[in-house]
Amino acid sequence: MTNNFTIYNASAGSGKTFTLVKEYLLLLFKSKKPDAYKNILAITFTNKAVDEMKSRIISSLRDFTEEETSINSNPLFKIIAEETGLSEAELKTKAAKILKSIIHNYAAFEVSTIDGFTHRVLRTFAKDLGLPVNFEIALNTRQILMEAVDRLISKAGTDKELTKVLIAFAISKTDDDKSWDIAKDLFEISELLIGENHQEALKKLKGKTPEDFQKFKERISSEIKKTEALIAETSHEFFDLLEKNSIEEKDFSGGYIYKHFIKLRDQKPIDGFEKAWMLKLENAPLYAIRKNLTQLSLLNAINQEVELIKKERNLILISEFNPKISAQVKDQPAPFIYERLGERYQNYFIDEFQDTSQMQWENLIPLIDNKLSSENIQDPASAMLVGDAKQSIYRWRGGKAEQFIDLCLDTNPFSIEKYVQNLPDNYRSGSQIVNFNNSLFSYAAGTLQHPAYANLFQESGQNPKKGDFGYVNIDFIEAENAAEEHEIYPEKILEIIQNLEKRKIKKGDICILTRKKKEGVTIASYLSENNIPVVSSETLLVANSPEVNFMAHLLEFSLSPKDNTLKLELFDFLAEFLEIENRYPIISTNLKKDGRAFFHWLKDYNIDFDLDQIRQLSVYEAAEYIIRSFSLVETSNAYVQFFLDFIFESTQKATAGIADFIDLWKQEIENLSIVVPKAEDAVQIMTIHKSKGLEFPVVIYPYANSDSKSTRMDSLWLPMEAPLNEIPMNYLSASDKMLNWGPKASDIYSELIHQKELDTLNVLYVACTRASQQLYLLSKKEIDAKGNEKAYKTSGLLIGFLKEIGRWDSNINTYEFGEIGSPEISEESLSENIISKKFYSSATQNQAVNIVTKSGMLWDSKQEEAIEKGEILHELLAQIDFKDQVKPVVTQAVNDGIITKDSAEKIEKLLLEITNHPQLSAFYADEAKNYNERDILTPEGKRLRPDRINFSGNTVNIIDYKTGKFDISHEAQINSYAGILEDMGYKIGSKNLVYTNKALKVRLV
């Protein structure tokens, strides 16, 4: 056997996870070691994917060990048997050994996210990499950047040069009729610091100071003035020349040139250079270059603030993981940080490779190459990559489809031969959906300008394996503007859902996919108004909870006790919460009161709340104090619990006060959402990006009208050319004007357009391949008077496709493929969750700890005696088999804080009284055989638990301890114990009820 490098090109629904698990298990079963998994590193990109892969591997091994498993009943079992040559019995035996080994060494079962793996490398080699050994990871990089920007702005007035730059920037913004607030712009530019796609360009700007940028900006401004003067001079020369030669405007064919020079003379803006007669004119993009220089000049200053924050708090940003590793492994054949790891791992799996960034892959290559390039006949090394370039939709965070495309073609970073295998079958969707997608994306391939991208989709056809069923519906809406679209799309969706309900399709089997969150919010609001339950990250936002908002407002009010806006927010909630009908007198009387005085009226509603208490507590304790004071939550409330968890986590590592927490809450308010299991009666709404890797019986994709050429939100790094290259790179808003800025700018812009075309089509592909039974595409009808579609939009693609297959009719808006069949029963079972019915909260200042340890019981209190004494006696008697154990059990109870020393003597006396009682002493003798607190399972599935059963041969004696007075239910209970024991074949010797309330009393039943 030799080392191997395999690439699986796995289209949507092609059994990618099955293939991964199969190849993983083959390694385990072919190895002679039961712990071969210790030498395998499997990497994927989300914690959910990690959980799925681990679960599939473990469940497969467990299934293999089942007696009823055979090659006829389990396809995976059959494949493993065929490829290993092992018999069924041998497979089962080995599966049991492997499973046992994994369970006992679960930490060595390496299925990890790439960030998790990189973190482990950094943690292991922290000292060698010059990192603090006990560093903390900053997952919320946006929060660090915001703080760095705030720190930088706060230096205005103290740092002279920085103040000049910031003031000039604010003034320039107001000159452009924009807000003078520069914090947002600086934060946006600061995000370049953590984006992998920007690292190469930023390296070239490293060391450039604000002064360097200012000098460069002045030079650009000087060049602009020179150019403007030259233009004015040229325009005057043009008209002088016309006058000398008696040439008038009418002498020009079309008059375009004449009008152009009039604009130049009058210093009016001119059109771009896309018109044919203007293509030869040259112009440098001086205005565009000048635009972003101020923000870029402050990048290094912001980065310095970030570094200070990291140093103060011993932090490493999660975005630094890959650059830190890259700096060590670059251009090193055998990087030292991989030496130890390389000895451990023999086999590598990388899932979702199309989402792997270039830096992540370059970091892994030396580690994998170290094994693939060495020979080991007994235990060959392997690397397996699985991906699909058509599902690459994370370019904005570094994922490059081109990387996987190249690997599938000619690129090979290793010295051994690679094997590329396509997975051509689709096991997810019905044949009608698969065939529709085959036709649509084969047609779409012809619309892509880049040949490699076109070829990718030209060869994307799949073989349907799920069965001959499925339904696709394309519906075009007619809307004049965006406002109409937001009305019509939700109406169409509601109509579809209502029709699906008539066909007995569960709401939980329906998923609505959107490109943007705001589209999902619009749809969710409309459906909720029409009594359709929905589940989405937006509907599950913690900030949607009135109780959570009240708590946050109250915490903020403790800092701003005179804020009338907060007072109104608080009163509005309390009026609803307390069901106050006549509200005006209360608010008019109390609005002028500040701080704690604002809440005095609450005493009329039996609410005792002191605002000053909040200031004396930690943030978490203050939140719980609010909950208890207002009895905010009686039953379990997921939103409040999540909010408390968020408070706890965010204040755990930093000694943050209420002010810091409120700042953080305002930053995260739009992102924090609770996680809920799949609901049978709720429609799911999610973005297409979140849906990747998932499948749903019914998928509805509205707003399917993306613009593949829109660069409105894009910016590009352009290299500056001599003589204007003192600042080597500039970050400019993408525009088709760049096509006329020279070959470099033109090529960079053209590459962006090709990528936009691919990414837009990839998003459509992901959306169209999530459905297993029914797919609904809702787009906008956009055609001109001649019936021509906009080919660069998704609507144009769909119309063009319908024309290609001869189905298009401009008078028809709805097109159907296949037929709606009977709904399949969803195989995915609903999550079984244990939901707490009561919300528990207790103050650290009260006696809660005494309730837990029972050390604060008051033995002189009759109420406490009746309740706590009985519970403790039960607990101690459960530990006593023989009377000699009474004293050590009591001593241990004192040591454990279960009882106090003061009460120990009284309890010991009572226990001895029980164990020496004439009717009971034989049951606590040294030779006694007994069970304490053991469950008995009845034929009906009920559990019975007698306090004590003593055995003497086939005879049993039952003892049950009670407090209080005799009750007929006590007799019924002990008789039920006796009845089940008799059914089990035992003879009942005696049934003893032992009452321990005042004087000890034993009652025979």
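Val-890 is found in helix α35, which covers residues 886-895. The structure described here is a predicted model. Val-890 is buried, because its relative accessibility is 3% and buried means under 20% relative accessible area. Leaving aside neighbours within four places in sequence, Val-890 is in contact with Ile-899, Ala-904, Glu-908 and Leu-911.

**Salt bridges**

Side chains of opposite charge can pair when their charged atoms come close. In this model the count comes to 44 salt bridges. Three of them are set out below.

| Pair | Distance, N to O |
|---|---|
| Lys-226 and Glu-223 | 4.0 Å |
| Lys-692 and Asp-355 | 2.9 Å |
| Asp-960 and Lys-962 | 3.4 Å |

Lys-226 and Glu-223 both belong to helix α10, where they are three residues apart, about one turn of the helix. Lys-226 counts as exposed at 52% relative accessibility, whereas Glu-223 counts as partly exposed at 23%.

The side chains of Lys-692 and Asp-355 also meet in a salt bridge. Lys-692 lies in the loop between α30 (688-691) and β15, and Asp-355 in the loop between β6 (347-350) and α17 (358-372), so this pair ties together parts that are 337 residues apart in sequence. Lys-692 is buried, with a relative accessible area of 13%, and Asp-355 is buried as well, with 9%. Salt bridges that share partners join Lys-16, Asp-351, Glu-352, Asp-355 and Lys-692 into one network.

In the pair formed by Asp-960 and Lys-962, both residues are buried.

**A charged surface patch**

Helix α10 spans residues 210-244 and also holds Glu-237. Together with Glu-233, Asp-240 and Glu-243, Glu-237 forms a negative surface patch. Glu-237 counts as partly exposed, at 46% relative accessibility.

**Positive phi angles**

Asn-606 is not a glycine, yet it has a positive phi of about 60°. This residue lies in the loop between α25 (584-590) and α26 (611-615). Is Asn-606 buried or exposed? Asn-606 counts as exposed, because its relative accessibility is 75% and exposed means over 50%.

Tyr-703, likewise not a glycine, has a positive phi of about 55°. Its place is in the loop between β15 (696-701) and β16 (715-719). Tyr-703 is buried, with a relative accessible area of 7%.

Terms used: Residues numbered from 1 in each chain as written. Predicted model: local features only at pLDDT ≥ 70, side-chain atom pairs only at ≥ 80, totals over all residues. Heavy atoms only, no water. Patch = residues over 30% accessible without salt bridge, like charges linked within 9 Å, V, L, I, M, F, W, Y side chains within 5 Å. Areas by Shrake-Rupley, 256 points an atom, 1.4 Å probe, with all protein chains shown as cover. Lys, Arg positive; Asp, Glu negative; His and termini not counted. Charge placed at Lys NZ, Arg CZ, Asp CG, Glu CD. Helix = DSSP H or I, 4+ residues; strand = E, 2+ residues; numbered from the N terminus. Buried < 20%, exposed > 50% of the residue type's maximum accessible area, 1.4 Å probe, protein only. Contact = heavy atoms within 4.5 Å.
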